Amino acid sequence: MSGTKIKTLDELRKIRERSKAGTKLRLTGESGNRVTISVGMATCGIAAGARAVMGALIDSINENNLENVAVVATGCLGYCYAEPLVVVTVPEEKPVHYANVDEDLARKIIELHVIGGEIIGNSQLITDGLT
Amino acid sequence: MNRIRMHMLVCGGTGCVSCDSTEVKDALVREIMEHGLENEVQVTITGCFGFCEKGPIVKVYPDNVFYVRVSPDDAKILVGEHVIKGRVVEKLLYGDTPSDIPFYKKQMRIALRNCGLIDPEKIEDYISVDGYEALGRVLTGMTPQQVIGVIKGSGLGGRGGGGFPTGLKWELTAKAAGDKKYVICNADEGDPGAFMDRSILEGDPHSILEAMAIAGYAVGADEGVVYIRAEYPLAVERLQKAINQAEAFGLLGDHILGSDFSFRVGINLGAGAFVCGEETSLMNSVQGGRGEPRIKPPFPSETGLWSKPTSINNVETFANICPIILNGAEWFSGIGTEKSKGTKVFALAGKINNVGLVEVPMGMRLGDIIYSIGGGVRGGKSFKAVQTGGPSGGCIPASMLDISIDYESLSETGSMMGSGGMIVMDEDDCMVNIAKFYLEFTVDESCGKCTPCRIGNRRMHEILSRITKGGGTLDDLEQLKDLGEIIKICSLCGLGQTAPNPVLSTLHHFYDEYEAHIVDKRCPAGACTELLRYTIIAEKCIGCTLCARSCPVPCISGERKKVHDIIQEKCIKCGICYKKCPVDAIERK
């Protein structure tokens with residue numbers, strides 16, 4: 001707890017912005033209209049480095065102050081050869097599967113796809129046939 | 001950089017804590033540490049989710065997965081499967097997503113908005129969900145009259161039972177002459193089965209402190225008192241922590257947010273007397289006197305605590321204040337019915353499948369609460385009645401399941417909203433016995449100051465006891481009605497004025513049950529033991545002697561392989577023989 005007293009409404013609002021980091025995940029979870037990024041975290045994914053990918057995704061989301069983006073761990077999708085796998089699901093759109101994701105690509109997924117709305121074509125696992 | 005990717009919220013309400021939720025939390029933390037995930041996953045204790053029937057509850061974010069009946073042993077699989085591998089643990093699920101669970105589908109959570117979402121012991125969590133913003137806006141941009149105007153315009157009525165307009169109460173207190181005024185939060189929740197005030201104080205204590213400060217600004221008070229019963233230790237502990245944090249942050253104390261407004265809140269522990277929920281008794285108790293009411297007027301808004309103008313509001317009423325300030329009077333008055341605005345929290349209890357706490361818009365059909373949200377009557381039995389309003393309320397019969405839940409409709413049935421307890425009864429509940437139970441409660445809790453309540457209710461209780469023992473006459477029913485009406489008119493305070501309600505409403509809706517007790521000497525529900533008669537059906541009895549050997553009196557005679565007989569004069573109606581008989585040869589009537 002900070003010992004300093006809040007003296008103005010603006011100071012309260014600043015503390016609110018800071019404190020939002022603490023409850024953001026819950027509010028994102030309650031939101032029906034959220035972008036979900038699933039990271040394959042079965043044994044195959046973890047062995048291929050999924051944990052570092054997940055960390056990079058979370059860092060990038062926090063750095064860009066994104067709300068309504070949820071990173072969740074998911075099980076094995078069956079494409080063990082292409083791990084780490086990341087699936088981006090934007091509401092009302094088809095899920096996009098990215099293969100062999102590393103920390104760099106993870107950041108690009110946030111910056112180009114989630115923020116920019118542009119699918120990174122050459123990193124997709126399959127471009128068609130998956131829903 | 002914060003790399004927390006998952007929050008696991010464990011219910012810390014009293015219901016779940018008594019089902020080992022603290023141990024569940026500890027086990028989760030242990031497992032997470034063991035896997036070195038403490039920088040990725042945060043485990044938080046939060047307030048009541050309301051679905052107490054299925055506790056302990058664990059909710060996982062951001063996936064929004066809702067686990068029920070979690071035991072400490074489940075921590076291993078939850079962490080191993082869900083946290084590490086992202087596989088949802090199916091066997092602990094209730095539904096796919098919380099929004100699909102029927103229990104939550106028809107709810108609208110305003111007073112309970114933060115229960116189950118924030119850590120009640122962290123002021124930062126509360127601030128992050130717009131906490132203290134309403135107080136900030138009030139202090140920097142509104143006059144006390146404007147605040148009162150918004151609350152009046154919202155149509156908010158007192159949630160403790162009476163439904164008196166909150167804005168009007170504030171206005172009367174504001175207009176009363178006096179340099180010192182008080183705001184009191186009535187947390188003396190006494191109705192058997194009701195626990196919404198406890199849950200709000202346990203799950204979101206800051207929302208009450210903020211609302212009390214807003215009330216203080218509106219009426220011109222600089223001091224607030226929360227009167228809470230000592231039986232709520234967890235709520236008291238969290239409230240005290242919240243007060244300490246708010247003071248440390250300068251959100252309570254002198255010159256709040258740089259304004260001229262100063263406000264402090266203290267806690268007063270009550271000893272659990274039901275009458276202290278009545279406002280004048282409550283104030284007597286705070287002053288160190290006996291918990292006894294006095295005649296009104298003068299009302300507390302003129303002569304209240306220490307004879308100063310005082311505004312007393314219930315916990316749930318306060319829980320609605322901040323959302324009204326933030327969203328506006330029109331938003332709130334758009335919810336509910338023409339005369340009853342907003343939502344109401346109900347505590348579902350008794351013979352219902354989903355025991356718990358629910359918040360619904362006023363005007364919802366009673367049947368929807370019992371069946372859609374409550375999941376219907378337990379064990380597939382038939383619904384008989386629902387008791388609302390606690391010892392001051394009455395019983396609503398099955399034929400009235402279509403009524404709308406609001407202050408007016410409930411009063412028309414002879415019951416009342418009260419604090420929101422809803423006790424569901426099935427075919428095995430005897431309505432005479434239920435009326436007797438509630439009257440026993442009020443007889444016990446009567447402070448004894450006025451005669452109608454002290455003696456009248458006792459006389460009514462004696463008559464009811466006589467009826468349940470088979471000694472009643474039809475004249476007794478007339479006498480019950482007469483006495484009840486007199487007690488209602490002549491009693492000093494709300495306790496006595498409403499105490500006959502359970503009797504009068506069951507007399508009205510279930511007259512035939514009273515008649516059966518008196519004329520046929522029979523209890524249709526089979527609940528009044530003294531009216532029961534156990535007999536052995538000669539054709540069925542195989543003479544196994546099991547009943548005779550189990551009888552504690554003993555009052556069953558008969559030889560091996562011959563028909564047995566119960567000696568009625570000696571029988572104590574314990575029912576053991578009825579349960580033991582292997583061939584159902586014992587009849588209970």
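**Figure 1. The largest cavity of the predicted model.** The largest cavity has a volume of about 90 Å³, where a cavity is a set of points, on a 1 Å grid over the protein atoms alone, at which a 1.4 Å probe fits but cannot get out, and a volume is the space filled by probe spheres set on points joined across faces, edges and corners. The view belongs to a predicted model, in which local features need pLDDT of at least 70 and side-chain atom pairs count only at pLDDT 80 or more, while totals for chains, interfaces and linings use all residues, and side-chain values use heavy atoms, with hydrogens and water left out. Residues are numbered from 1 along each chain as its sequence is written, with chains lettered from A and ligands numbered from 1 in the order in which they are written. Lining residues, which have an atom within 4 Å of a point, number 13 for this cavity, and C541(B), C544(B), C547(B), C581(B) and A585(B) lie nearest its centre. The lining comprises 10 nonpolar and 3 polar residues but no charged ones; Ala, Val, Leu, Ile, Met, Phe, Trp, Tyr, Cys and Pro count as nonpolar, Asp, Glu, Lys and Arg as charged, and the others, Gly among them, as polar. In total, the structure holds 4 cavities of 30 Å³ or more.

**Figure 2. The second largest cavity and the cysteines closest to its centre.** This second cavity has a volume of about 80 Å³. Its lining consists of 13 residues, and those closest to the centre are C551(B), C555(B), C571(B), C574(B) and C577(B). By class, 11 of the lining residues are nonpolar, 1 is polar and 1 is charged.

**Figure 3. The largest pocket and its lining.** About 1200 Å³ of space lies in the largest pocket, a pocket being an open set of points with protein on both sides within 12 Å along at least five of seven lines. Of its 41 lining residues, G160(B), G162(B), G277(B), E278(B) and E279(B) are the closest to the centre. Two or more lining residues come from each of α8 (166-175), β8 (310-314) and α21 (494-498) of chain B; helices (H or I, at least four residues) and strands (E, at least two) are DSSP runs, numbered from the N terminus. The lining of this largest pocket divides into 20 polar, 11 nonpolar and 10 charged residues.

**Figure 4. The second largest pocket, between two domains of chain B.** The second largest pocket has a volume of about 810 Å³. The closest to its centre among the 35 lining residues are E30(A), Y61(B), R109(B), R113(B) and L117(B). At least two lining residues are supplied by each of α1 (9-30) of chain A and β3 (58-61), α4 (102-105) and α14 (321-327) of chain B, and α14(B) gives the most, with 4 residues. Because domain 1 (6-98) and domain 2 (123-333) of chain B both contribute to this lining, the second largest pocket lies between them, the domain bounds coming from an automatic or database assignment. Its lining has 15 nonpolar, 11 polar and 9 charged residues.

**Figure 5. Strand β13(B) and its two pairing partners.** All 6 of the 6 residues of strand β13 (residues 421-426) of chain B are buried, so the strand is largely enclosed by the rest of the structure; buried means under 20% relative accessible area, exposed over 50% and partly exposed in between (1.4 Å probe, protein chains only). G421(B), I423(B) and M425(B) are buried on one side of the strand, and M422(B), V424(B) and D426(B) are buried on the other. Strands count as paired if DSSP finds at least two bridges between them. The parallel partner is strand β9 (residues 343-350) of chain B, joined to β13(B) over 4 bridges, and A349(B) stands opposite I423(B). Strand β11 (residues 383-388) of chain B runs antiparallel to β13(B), with 5 bridges between them, and A385(B) has M425(B) as its bridge partner.

**Figure 6. The open sheet of chain A.** This sheet contains 4 strands in the order β2-β1-β3-β4, with mixed pairing. Strands β2 (69-74) and β4 (96-98) of chain A form the edges, each pairing on one side only. Strand β3 (residues 86-89) of chain A pairs antiparallel with β4(A) over 3 bridges, and V87(A) has H97(A) in β4(A) as its bridge partner.

**Figure 7. Buried helical positions in the two chains.** Helix α9 (residues 196-203) of chain B is largely enclosed by the rest of the structure, because 8 of its 8 residues are buried. These buried residues are M196(B), D197(B), R198(B), S199(B), I200(B), L201(B), E202(B) and G203(B). In chain A, A56(A) is found in helix α3 (residues 50-63) and is buried, with a relative accessible area of 0%. From A56(A) to L112(A) the separation is 56 residues in sequence and 14 Å in space, C-alpha to C-alpha.
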